[in-house]
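Please look over the sequence and the structure before reading on.

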Amino acid sequence: MSISLSIMDILDSENYLLIRSFCAFLVGIILSQAGSFVQLVTRNILASPSTLGIDGLSVIWILLSHSLSLAFTFSWEGQFFMGGVLFVLMSFFYHKVIQNNHEHQRIIMVGLIFSLLVGAFFSLWNFLFLAFNLPFPTEILFGHFKFSQLRDVIILMVAETFIILGSLKLRREMIVFSFGKQVSRMCGLDQKVFFLFILLSSILGTFIVVNLFGSLAFLGLIFPI
């Protein structure tokens, strides 16, 4: 009885080291997979969710939803669900852009420029909030694992389970595509489904990580390394 109670106390504690460690490890795994997926599709070692502007889009969404929540009563769960739906739809858009555009370097440059604009936009937004004495969510950039909760572990585990199951399902396609697009076409690879899974995993996983722990959550990469 005492053992079961102690375990429940560990799981229910919001500041316990075990919860933080699980979250940091899962964040690192998801970001590692997202970066690898994007590099596989674009054939560029510099490509990542950050260079494609996915991090910036996540920050913009959180800023907008936070600002609207000051005027309207939006719960965190509602913002998270609506944002998840939007980023799933965005993966379809990215799928069309990357599949039909072979100039991936140009896409990366546009993503980098957008990320820089988001940084400037974030600073301006922060200044306006401070000027009007309004609460500003600084954790968007500097999220901290010490605020981890059991809820966050569950969300990250669901996302990672989706990525693992999809990777196992499409493992043959990944191996074939790694040899190049020409080889994949010769082998009859269904690039539509493959690209969609890759981008859906990368974009949705990045959105979840940024929403829970900020865009600087890449510090969690320390754990898998």
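F162 is partly exposed, with a relative accessible area of 38%; buried means under 20%, exposed over 50% and partly exposed in between, using a 1.4 Å probe and protein chains only. The model is predicted: local features need pLDDT of at least 70, side-chain atom pairs count only at pLDDT 80 or more, and totals for chains, interfaces and linings use all residues. Residues are numbered from 1 along each chain as its sequence is written, and side-chain values use heavy atoms, with hydrogens and water left out.

**Aromatic pairs**

- Rings of Phe, Tyr and Trp (its six-membered ring) pair if their centres lie within 6.5 Å; planes under 30 degrees apart count as stacked, over 60 as edge-to-face and the rest as tilted.
- By this rule there are seven aromatic pairs.
- In one of them, F37 and F197, the ring centres are 6.0 Å apart and the planes stand at 55 degrees, so the pair is tilted.
- F37 belongs to helix α2 (residues 17-42) and F197 to helix α9, so this pair ties together parts that are 160 residues apart in sequence; helices are DSSP runs (H or I, at least four residues) numbered from the N terminus.
- F37 is buried, at 8% relative accessible area, and F197 also counts as buried, at 8%.
- F162 and F197 form a tilted pair, with 5.8 Å from centre to centre and 55 degrees between the planes.
- Because F162 lies in helix α6 (residues 150-169) and F197 in helix α9, the pair ties together parts that are 35 residues apart in sequence.
- F37, F162 and F197 form one aromatic cluster.

**Helix α9**

- Helix α9 (residues 191-213) has 23 residues and should span 33 Å at 1.5 Å a residue; its end C-alpha atoms are 32 Å apart, which agrees.
- The expected span is 1.5 Å times one less than the number of residues.
- Of the 23 residues of α9, 19 are buried, so the helix is largely enclosed by the rest of the structure.
- G214 follows α9 and has a positive phi, near 85 degrees.

**Nonpolar core**

- A nonpolar core is a set of buried Ala, Val, Leu, Ile, Met, Phe, Trp, Tyr and Cys residues joined through side-chain atoms within 4.5 Å.
- The largest nonpolar core has 53 residues, and Y94, L156 and I208 have the most contacts inside it.
- Elements giving two or more residues to this core include α2, α4 (76-100), α6 and α9.
- α9 gives the most, with twelve residues.
- Leaving out residues up to four places away in sequence, Y94 touches L52, G53, I54, L57, L199 and I203, where contact means heavy atoms within 4.5 Å.
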